[in-house]
Amino acid sequence: WAAAVAAVRALDGDPDARVLLICHVNPDGDALGSMLGFGLGLRRLGVRHLQATFPGPPEVPEPFRWLPGLELLVPADEAYREPDLVICFDAASESRLGELADRLAGPGRALVLDHHGSNTRFGDVQLVDPAAAATSVVAEELLARLEVPLDAEIAACLYVALTTDTGSFRFEATTPAVHRLAARLLATGIRPGDISREVFDTRPFGAVRLFGEVLGRARLEPAAAAGHGLVWTYATQDDLARYDQRPYVLEALIDSVRCTAEADVACVLKQVGAAEWAVSMRSKGAVDVSRVAVALGGGGHRFAAGFTGVGDVDAVVGLIRAELDGALLPA
Ligand code: 5GP
Ligand code: MN
Ligand code: MN
């Protein structure tokens with residue numbers, strides 16, 4: 001913590017210091033929320049030259065288009081080339097930073113805030129807490145140590161991050177400390193009902209019908225992992241086109257699939273190229289899916305992980321199936 005505080009405090013004397021905030025590709029609520037919430041905090045500290053960005057197309061998913069701090073965002077190709085400080089949010093490895101990974105090797109310091117067990121310890125200063133429910137937990141603690149008071153704008157960002165990564169306070173990482181943080185955020189006056197509706201409960205009708213089709217083709221393999229069931233489905237780019245939907249709508253699919261009582265492991269394959277799939281995996285506890293993901297070139301947490309799979313659907317599911325027994329956790 002001391003090194004992280006010092007890295008930010010080092011900017012104090014320099015009104016021209018440039019700070020670049022980055023997060024992982026296809027940013028989710030935690031990546032955007034922790035990055036923008038922290039960015040607003042830096043604004044309050046008087047940092048003037050401040051940009052936030054993420055790799056790939058500069059498109060913010062619809063559910064997050066109301067977040068405070070969006071004005072900090074710039075397209076990746078317009079981001080500072082040689083910032084004095086880079087702060088990276090919610091990325092387990094440099095590969096998750098795409099074309100922005102080179103900023104970590106620049107002349108400025110690189111501070112990494114994250115909570116993935118599979119974090120590869122890149123950057124100069126690491127605040128990586130695998131026990132933290134979200135990167136926003138780490139971000140809030142650093143803001144507190146920098147003596148930045150929480151306001152409703154910062155709190156809205158951090159609350160989005162906290163609720164998305166804890167599945168609205170349902171997952172195991174939802175500790176008393178998480179609820180105390182939620183209480184501090186709510187005390188700023190933010191409206192949890194409005195925020196949840198925007199983030200979780202507002203989708204185009206086409207997305208509802210797309211879910212119907214994609215869930216209708218789900219497959220259950222009752223004995224895939226030493227008797228533990230595997231349930232999976234996939235969504236193609238053509239599915240998205242037919243229902244005129246953006247890729248972000250598929251993020252919630254895994255939550256429907258993983259309900260399956262007969263399966264310990266759930267997977268959703270989302271087509272991102274001709275024979276390329278962004279794979280989401282969830283476990284109910286029998287399998288460490290981050291081991292499966294790491295074995296296949298990805299990463300994540302014990303019970304929520306992902307990777308990019310190459311081949312046709314059956315080939316990618318075959319790769320997963322082959323890793324399951326090796327990733328069984330002790331009963
Ligand atoms: P999701 O399934 O919600 O996209 O991701 C679940 C978890 O796995 C997240 O913590 C995310 O960071 C991680 N994850 C998903 N896809 C990848 C990937 O391709 N590479 C890595 N390293 N982690 C991933
Ligand atoms: Mn994330
Ligand atoms: Mn996260």
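The model is predicted: local features need pLDDT of at least 70, side-chain atom pairs count only at pLDDT 80 or more, and totals for chains, interfaces and linings use all residues. Residues are numbered from 1 along each chain as its sequence is written, with chains lettered from A and ligands numbered from 1 in the order in which they are written.

**Sheet**
- An open sheet holds 5 strands in the order 2-1-3-4-5, with parallel pairing (strands are DSSP runs of E, at least two residues, numbered from the N terminus; a pair needs at least two DSSP bridges).
- Strand 2 (49-53) and strand 5 (125-128) are the edges, each pairing on one side only.
- Neighbouring strands are turned by 15° on average, direction ignored (axes are lines fitted to C-alpha atoms, for helices over the stretch in contact, and angles run from 0 to 180 degrees between N-to-C directions).
- Strand 1 (18-23) pairs with strand 3 (85-89) over 5 bridges.
- Cysteine 23 stands opposite phenylalanine 89 in strand 3.

**Helices on the sheet**
- Helix 2 (29-44) touches strands 1, 2, 3 and 4, at about 165° to strand 1 (helices are DSSP runs of H or I, at least four residues; contact means C-beta atoms, placed from the backbone, within 7 Å).
- Helix 3 (135-145) lies across strands 3, 4 and 5, at about 125° to strand 4.

**Helix pair**
- The axes of helix 4 (152-165) and helix 5 (176-186) come within 9 Å and cross at roughly 150°.
- Helix 4 is therefore roughly antiparallel to helix 5 (angles over 145 degrees).
- Ala155, Leu158, Tyr159 and Leu162 of helix 4 meet Val178, Leu181, Ala182 and Leu185 of helix 5.

Key. Two residues are in contact if their C-beta atoms, placed from the backbone, lie within 7 Å. Angles under 35 degrees count as roughly parallel, over 145 as roughly antiparallel, 65 to 115 as roughly perpendicular and the rest as oblique.
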